[in-house]
Every structure is written in C-alpha cells, then in structure tokens.
Amino acid sequence: MRLILIILILLVVALGALFGALNGARIPIDFYFFQLAMPTGAALLGALLAGWLLGGLVAWVGQVPRLRRDLRTVHRDLREARTLPSAGTREDA
C-alpha cells in the first residue's frame, strides 16, 4: 500500500512539473498593492494549492463547534454518572 502511495505522489508531482513547463508564458497578477509576473502554470498551481488549503481550513473550522458540543455533552454525562448512586447499592431505611 505504501508503494502505491509513493508512486501516486511521484506521478502527481511529475504531472504538476509537466503542466508548469508546458504553461510557461508569464502573466501579470495584480494584488492591488503590488504586481507580480509569474508563469501561467505556476499561477494556476498556486491557485489550486491555495483553494485546497482554504477548503480544508473551512471544513476543519466547520467541525470544531460540533466536536466541542459533543465533548461538553460527554463530560456532562460522565459527571452525572459519577454523582448517581450505583445500581447495586440500595439503601432501605
């Protein structure tokens, strides 16, 4: 399985390098405060990487409130289970 993953990663890197090499025309990118000229392939791969990172960040941030709520529920249930008398001990007065 590890060998397949390594081969897949090398294939993606090779295809990315080929894509960058075939799209070598420089294009200007304006960031309002400064302008940058870079190859088309690098700009597209950079945009792909930025989108992937931002999408992962949004997905991660979207899960945090649910996970915190679940953790509070588990802590509350555990606290209640510790304060309840156990079922085996029954006091008859």
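A polar atom of the Thr40 side chain lies 2.8 Å from the backbone oxygen of Ala25. The model is a predicted one, in which local features require pLDDT of at least 70 and side-chain atom pairs count only at pLDDT 80 or more, whereas totals for chains, interfaces and linings use all residues. Residues are numbered from 1 along each chain as its sequence is written, and side-chain values use heavy atoms, with hydrogens and water left out.

Thr40 belongs to helix α2, which comprises residues 40-83 (helices are DSSP runs of H or I with at least four residues, numbered from the N terminus). Apart from its neighbours within four places in sequence, Thr40 is in contact with Asn23, Ala25 and Ile27, contact meaning heavy atoms within 4.5 Å. The C-alpha atoms of Thr40 and Gly24, which are 16 residues apart along the chain, are separated by 5.9 Å.

One salt bridge is found in the whole structure, the term denoting a side-chain nitrogen of Lys or Arg within 4 Å of a carboxyl oxygen of Asp or Glu. It joins the side chains of Asp70 and Arg66, at 3.5 Å from N to O; these residues are four apart in helix α2 and therefore separated by about one helical turn.

Two aromatic pairs are present (ring centres of Phe, Tyr or Trp, the last by its six-membered ring, within 6.5 Å; planes under 30 degrees apart are stacked, over 60 edge-to-face and the rest tilted). The rings of Phe31 and Phe34, with centres 5.1 Å apart and planes at 35°, form a tilted pair, while those of Tyr32 and Phe33, with centres 5.1 Å apart and planes at 75°, are edge-to-face.

Conventions. Helices (H or I, at least four residues) and strands (E, at least two) are DSSP runs, numbered from the N terminus. A polar contact is a pair of N or O atoms within 3.5 Å; within protein, one must be able to donate a hydrogen and the other to accept it, and residues adjacent in sequence count only if both atoms are side-chain atoms.
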